[in-house]
Amino acid sequence: MKAVVYKKYGPPKVLKIKEIEKPKPKDDEILVKIYSATVTTGDVRLRSSDFPPLFWLPARLIFGLFKPKKKILGHELAGVVEEVGNSVTEFKVGDSVFGTTTMLKTGAYAEYICLPQKWKNGVVGLKPENLTYQEAAALPVGAMTAMYLLEKANLAKGQNVLIYGASGSVGSYAVQLANQKSSSVTGVCSTANFEMVKSLGALNLIDYKKEDFSKRNEKFDIVFDAVGKTTKSKAKKVLKIGGKFVSIKMLTKEKIEHLKLIKTLVEQGKLKPFIDKSFSLDDIVKAHEYVETGRKRGNVVIEINTF
């Protein structure tokens with residue numbers, strides 16, 4: 001099968017398309033034919049080993065000190081179950097699924113992958129029926145991260161929420177999820193992305209290039225840093241007494257309950273992925289180059305197999 005492999009850290013060109021052996025599912029695994037995956041900021045960071053100084057050594061110890069342990073990147077995917085292991089009870093051949101590859105030995109930049117039906121760190125579930133595989137692949141990581149952090153912030157009905165980095169993957173989902181609670185959502189992004197963020201439910205918009213949100217007189221119940229580029233100290237200046245600051249720099253956890261709820265919200269028309277660009281697997285280097293520019297809006301999708 002075709003897969004994208006990298007054997008050393010570096011620029012996008014370290015990603016190479018190779019022919020490797022098609023995996024065989026173990027008793028508790030499903031073999032998924034992958035139709036779509038994504039290029040997340042996490043993929044780019046792992047490929048380049050671009051970690052903040054404080055986390056550089058711990059990250060290298062986890063993901064590979066001198067060379068990557070996980071040779072195939074790709075954190076999320078959507079596809080069809082082609083084969084099931086003997087003890088699999090939750091899926092059958094022909095099921096359309098979406099999920100993550102968190103802490104598995106291999107990722108989603110490949111034509112096939114074996115996923116446990118359940119494991120500690122990641123999740124897999126039935127795909128929303130009203131989405132394409134490209135759209136479904138863009139859901140798990142961003143939407144679950146947004147949901148987890150909004151729960152941590154104790155999002156409640158009618159609250160005033162500011163989302164910094166509202167046009168990114170996590171931010172675009174955070175805007176929509178906060179809007180579900182009838183919150184007043186303020187999105188911080190560039191002027192070029194105002195229409196996109198407004199279409200997702202933000203009532204107010206701030207261009208971070210022109211205005212420092214922390215100097216506003218307005219107060220918020222929650223400040224959500226969806227890109228890891230602001231600070232708690234700045235957020236405190238605009239937080240109400242008892243207000244919460246959350247950031248993607250915080251540890252998060254993937255939960256199957258969240259994945260199922262995301263599926264429900266999508267099928268009810270209350271949540272949708274925003275696809276910025278799509279690339280073929282053969283253009284994986286171009287896809288990484290684009291995401292590395294920092295100008296990605298929403299999600300970047302990789303089309304792997306043709307449906």
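## Rings and charges in a predicted model

Colleague: Over the ring of which residue does the charged end of Lys127 sit?
Modeller: This is a predicted model, where local features need pLDDT of at least 70 and side-chain atom pairs count only at pLDDT 80 or more, while totals for chains, interfaces and linings use all residues. Residues are numbered from 1 along each chain as its sequence is written, and side-chain values use heavy atoms, leaving out hydrogens and water. A charge sits over a ring if NZ of Lys or CZ of Arg is within 6 Å of the ring centre and within 35 degrees of the ring normal. The charged end of Lys127 lies 5.0 Å from the ring centre of Tyr133.

Colleague: And how far is the charged end of Lys22 from the centre of the ring of Tyr112?
Modeller: Happy to say! Lys22 also places its charged end over a ring. For Tyr112, the distance to the ring centre is 4.2 Å.

Colleague: How many aromatic pairs does the structure hold?
Modeller: Rings of Phe, Tyr and Trp (its six-membered ring) pair if their centres lie within 6.5 Å; planes under 30 degrees apart count as stacked, over 60 as edge-to-face and the rest as tilted. By that rule, the number of aromatic pairs is four.

Colleague: What is the angle between the planes of Tyr164 and Phe213?
Modeller: One of the pairs joins Tyr164 and Phe213, with centres 5.6 Å apart. The pair counts as tilted, with the planes at 55°.

Colleague: Is Phe213 buried or exposed?
Modeller: Buried means under 20% relative accessible area, exposed over 50%, and partly exposed in between (1.4 Å probe, protein chains only). Phe213 has a relative accessible area of 2%, so Phe213 is buried.
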